[in-house]
Amino acid sequence: MSVDGGAYLEAMALLPTGVTVVTVADGRDDIGATVSALVSVSADPPVVMLSVAGDGYVAEVVEEVGAFAVSVLAADQRAIAGRFSAEGRPSARLLVSGVPHHRGERTRAIVLDEALSALECSVRQRVEVGDHVVFFADVVGLPEVGAERRSAAAMVRWDGRYHALD
């Protein structure tokens, strides 16, 4: 029995997921994307799983560089999520113009200062699965961000839209 791809996507849209911005510094430029396919895999050692489109530039650069940063977005950061998910988006440096940010100590990737939390990650394994590439990555740093925002509502993606999770 085969499952219809459209019906599958509709079903999965009803699974709420956190919203993050993933950034990579590749020596030439900074790239980034809004990603909701990031999950914790292990606490000891700390490992996350990042899933991105296999034919996309993010997958190519993460594989080439072997490291990335993650900024977990608050509900009031919809504009940032939109900037990093737009088709044909420019350099991540332009996307964060006017937005407080710094570079991660370990990855040199852009970290959003007003994120709820942030991670710096080093790729340990890459696996092709269907039309995506899954990266398992060690968490090598926890940049200081958003200390005053700990009680802010998190952003989740549900039913194809961004929502606040109080």
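How many bridges pair strand β2 with strand β6, and in the parallel or the antiparallel sense?

1. In this predicted model, strand β2, which covers residues 20–25, pairs with strand β6, residues 67–72, over four bridges and in the antiparallel sense. Within this pairing, T20 is the residue that stands opposite V72 of β6.

2. The two strands belong to an open sheet of seven strands with antiparallel pairing, and the order across the sheet reads β3-β2-β6-β9-β10-β5-β4. The edges are taken by β3 (30–35) and β4 (38–43), each of which has a single partner strand, so one side of each is left without a neighbour in the sheet. On average, and with direction ignored, neighbouring strands here are turned by 30 degrees against each other.

3. Helix α3, formed by residues 78–85, packs on this sheet, where it touches β2 and β3, and the direction of the helix makes about 115 degrees with that of β3.

4. A further set of pairings involves strand β11 (residues 154–158), which runs antiparallel to strand β1 (residues 17–18) and is joined to β1 by two bridges. Here T17 stands opposite R157 of β11.

5. Strand β11 is also joined to strand β12 (residues 161–165), in this case by five bridges and again with the strands running antiparallel. W158 has R161 of β12 as its bridge partner, and the two strands form a hairpin with two residues between them.

Terms used
Residues numbered from 1 in each chain as written. Predicted model: local features only at pLDDT ≥ 70, side-chain atom pairs only at ≥ 80, totals over all residues. Heavy atoms only, no water. Pairing = 2+ DSSP bridges. Axes fitted to C-alpha atoms, helices over the stretch in contact; angles between N-to-C directions. Contact = heavy atoms within 4.5 Å.
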